[in-house]
Amino acid sequence: MFPSPIIGMLGLIEDVEKHTMTPALKSEGDVLIYIGADRVGLGATEYLKVIHGLTEGDSPVLDIDFEVKLQKSALSAIQNRLITAAHDISDGGLSITLAEMCIFGQMGATIDLSEIGGNKYETFFSEAQSGIVITTSHSNLDQVLTHFQNDEV
């Protein structure tokens with residue numbers, strides 16, 4: 001284990017039902033959507049460490065302004081019950097996030113990444129900042145996409 005900065009936080013959530021969301025997949029047929037920054041870079045990732053035995057590269061850069069917009073937009077979507085699940089992307093990247101959402105929900109998912117360009121290893125394993133996977137029902141899909149596009153995330 002390498003040294004990393006740790007931030008401890010404590011807060012009060014006035015209405016847990018309205019202001020929180022679990023990462024578990026909830027319903028068959030829900031749509032999974034990635035919202036956030038480009039999945040680029042493999043520096044300092046679990047992928048490099050576990051697969052290649054390398055502990056090198058720079059940690060991902062954080063665009064704090066974008067991160068704030070993303071978090072506010074996600075919270076608004078949660079409060080308006082537009083989404084059914086949300087999970088950040090961190091250790092292990094998109095691949096681990098999707099696996100955890102399936103495990104928490106005790107169901108599988110069919111994922112189509114055929115339209116994703118660029119490096120597939122980065123798409124699957126980048127630990128770039130400012131990324132969330134959300135789910136929504138088919139009936140809310142257009143509204144969710146409009147919501148996040150209007151917030152420019």
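This note goes through a predicted model of one chain, from its overall build to single residues.

1. Basis of the note. The model is predicted, so local features are given only at pLDDT of at least 70 and side-chain atom pairs only at pLDDT 80 or more, while totals for chains, interfaces and linings use all residues. Residues are numbered from 1 along each chain as its sequence is written, and side-chain values use heavy atoms, with hydrogens and water left out.

2. Secondary structure. The chain contains six helices and three strands. Their order along the sequence is α-β-α-α-β-α-α-β-α. Both kinds of element are DSSP runs numbered from the N terminus: helices are H or I with at least four residues, and strands are E with at least two.

3. Overall dimensions. The C-alpha trace spans about 45 × 40 × 30 Å along its principal axes.

4. Of the 153 residues in the chain, 31% are buried. Buried means under 20% relative accessible area, exposed means over 50%, and partly exposed is in between (1.4 Å probe, protein chains only). Among contacts with a separation of 6 or more, 84% join residues 24 or more positions apart; a contact means heavy atoms within 4.5 Å.

5. Charge. The chain carries 8 positive and 22 negative side chains, and the centres of these two sets lie 4 Å apart. Lys and Arg count as positive and Asp and Glu as negative, with His and the chain ends not counted. Each charge is placed at NZ of Lys, CZ of Arg, CG of Asp or CD of Glu.

6. Salt bridge. A search of the whole structure gives one salt bridge, defined as a side-chain nitrogen of Lys or Arg within 4 Å of a carboxyl oxygen of Asp or Glu. The side chains involved are those of Lys49 and Glu46, at 3.4 Å from N to O. Side chains of opposite charge can pair when their charged atoms come close. Lys49 and Glu46 are three residues apart in helix α2 (residues 46-52), and therefore about one helical turn separates them. Lys49 is partly exposed at 35% relative accessible area, and Glu46 is partly exposed at 30%.

7. Thr45. This residue sits in the loop between β1 (31-36) and α2. Thr45 is buried, with 4% relative accessibility. Apart from neighbours within four places in sequence, Thr45 is in contact with Phe125 and Glu127. Its C-alpha atom is 22 Å from that of Cys102, a residue 57 positions away along the chain.

8. Thr97. Helix α4 (residues 93-105) holds Thr97, which is buried at 2% relative accessibility. With neighbours within four places in sequence set aside, Thr97 is in contact with His87, Asp88, Ile89, Ser90 and Val133. The C-alpha atoms of Thr97 and Gln71 are separated by 17 Å, and the two residues are 26 apart along the chain.

9. Positive phi values. Gln106 is not a glycine, yet has a positive phi of about 55°. Gln106 lies in the loop between α4 and α5 (120-125) and is exposed at 74% relative accessibility. Ser130, also a residue other than glycine, has a positive phi near 60°. Ser130 is in the loop between α5 and β3 (131-136), and is buried at 7% relative accessible area.

10. Asn150. This residue belongs to helix α6 (residues 141-150). Asn150 is exposed, with a relative accessible area of 58%. Asn150 and Gly36 are 114 residues apart along the chain, and their C-alpha atoms are separated by 14 Å.
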